[in-house]
Amino acid sequence: MSAELDISYLPRSQSWVKLGLAGNPASGNKAKPSQPVVKAEGSDILAPWGDNNLYPQDIFNLARKNDLIPSTIDIQVALLVAAGYVIGQVEQVNGQDVFTPRSNSEISTFLDNTDIYGYLARAGSDFYWYRNGFPEIIRSDDGSKIIGVRGQQAMFCRYSQHNTSGIIEHCLINADWANEDKKYTIKLPVLSKFFPVDDLRSRKGTNFIYPLSFPSPGATHYALAPWHASVESKRLELANAFPVFKLALMNNQMTVKYLIEIADKYWPWRFTDWDTKPELKEARVDQVKQDLEDYLTGN
């Protein structure tokens, strides 16, 4: 079975994903797509993700307070992982592409050793949260084959600035960008998004990042998820504030719903010595007011 025909079929998305290093139409061709160069913002090395370089952290911390967004993303990730995979070949039958399942021990072993479902969960979560993914491609020491793939957390990853040709060369990985310590920053080369197979073949080393993202108009480094508009519009903050307001409303119903007026004749009726013990009047009034508040407030 030739390498270029070994594929993984994702039934839910009805798509074919090639596995292996063969079949790149750009092989042997040095021509590359044009890439516009955008004026760098931030440091000369790091391309910040957001004004404070903590955009993914800020998005997550705000969205996790919402009872709808995290659960919806979890469902999307679960559906992606549940789709699974089937190994096989695509063959021409009467002019039509027909998928036929085939066994392949090498690919099966690779997927099992890679923990492919764990990778799909990690990468899928980042994709739905941020529309960006940072798969780490791990190659054998002799460079003959890919032996693993790992999903680096998008929250920890930042790209370097474009070079003079408009190419992103490196990915910087740090678990604590708020207190960045260069001593703990990992720097990995980034593969070409257009011709990754040719690029990988021409490189030395074992570990690389593939720049995975969904097209986002105007984005040069980091894509934007459509639901992030709710953050920019402050709608998410409003949605998160509503339960707080409702809880406060329920805990203080009396001040919103009731105006209590007490008739003068109530006091001598309630306290038979009202007129004879004026020194107790203030304390008794305060106690009645407190009793009313205790009775009328709360859920």
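Are Trp 49 and Tyr 130 buried or exposed? Trp 49 is buried, and Tyr 130 is buried as well, where buried stands for under 20% relative accessible area, exposed for over 50%, and partly exposed for what lies in between, using a 1.4 Å probe and protein chains only. The structure is a predicted model, in which local features need pLDDT of at least 70 and side-chain atom pairs count only at pLDDT 80 or more, while totals for chains, interfaces and linings use all residues. Residues are numbered from 1 along each chain as its sequence is written, and side-chain values use heavy atoms, with hydrogens and water left out.

**The chain as a whole**

- The chain has 10 helices and 11 strands, which are DSSP runs numbered from the N terminus, with helices (H or I) of at least four residues and strands (E) of at least two.
- Of the 299 residues in the chain, 34% count as buried.
- Among the contacts with a separation of 6 or more, 60% are between residues 24 or more positions apart, a contact being heavy atoms within 4.5 Å.

**Aromatic pairs**

- The structure holds 14 aromatic pairs, counted when the rings of Phe, Tyr and Trp (its six-membered ring) have centres within 6.5 Å, with planes under 30 degrees apart called stacked, over 60 edge-to-face and the rest tilted.
- The rings of Trp 49 and Tyr 130 have centres 5.8 Å apart and planes at 65°, so this pair is edge-to-face.
- That pair links distant parts of the chain, since Trp 49 sits in the loop between strand E2 (15-18) and helix H1 (55-63) and Tyr 130 in helix H4 (residues 116-130), 81 residues apart.
- Tyr 159 and Tyr 222 form a stacked aromatic pair, at 5.7 Å centre to centre and with 20° between the planes.
- This second pair also links distant parts of the chain, with Tyr 159 in strand E7 (residues 157-159) and Tyr 222 in the loop between strand E11 (212-213) and helix H6 (229-232), 63 residues apart.
- Tyr 159 counts as buried at 3% relative accessibility, and Tyr 222 is buried with a relative accessible area of 10%.
- Ring pairs join Trp 49, Phe 60, Trp 129, Tyr 130, Phe 134, Tyr 159, Tyr 222 and Trp 227 into a cluster.

**Salt bridges**

- Side chains of opposite charge can pair when their charged atoms come close.
- The structure holds 7 salt bridges, each a side-chain nitrogen of Lys or Arg within 4 Å of a carboxyl oxygen of Asp or Glu.
- One of them joins the side chains of Glu 106 and Lys 145 at 3.0 Å, N to O.
- Glu 106 lies in helix H3 (residues 105-114) and Lys 145 in the loop between strand E5 (132-139) and strand E6 (146-152), so the pair ties together parts that are 39 residues apart in sequence.
- Glu 106 is exposed, with a relative accessible area of 51%, whereas Lys 145 is partly exposed at 40%.
- Arg 201 forms a salt bridge with Asp 198, with the closest N and O atoms 4.0 Å apart, and both residues lie in helix H5 (residues 196-202), 3 residues or about one turn of the helix apart.
- Arg 201 counts as partly exposed at 46% relative accessibility, while Asp 198 is buried at 17%.
- Arg 203 and Asp 199 meet through their side chains in a salt bridge of 3.0 Å, N to O; Arg 203 is partly exposed, with a relative accessible area of 26%, and Asp 199 counts as buried at 15%.
- Asp 273, Lys 277 and Arg 284 are linked in a network of salt bridges.

**The surroundings of Glu 91**

- Glu 91 belongs to strand E3 (residues 86-93) and counts as partly exposed at 29% relative accessibility.
- Apart from its neighbours within four places in sequence, Glu 91 is in contact with Gln 96, Asp 97, Val 98, Thr 100 and Arg 102.
- The side chains of Glu 91 and Thr 100 are joined by a polar contact of 3.4 Å, that is, a pair of N or O atoms within 3.5 Å, of which, within protein, one must be able to donate a hydrogen and the other to accept it, residues adjacent in sequence counting only if both atoms are side-chain atoms.
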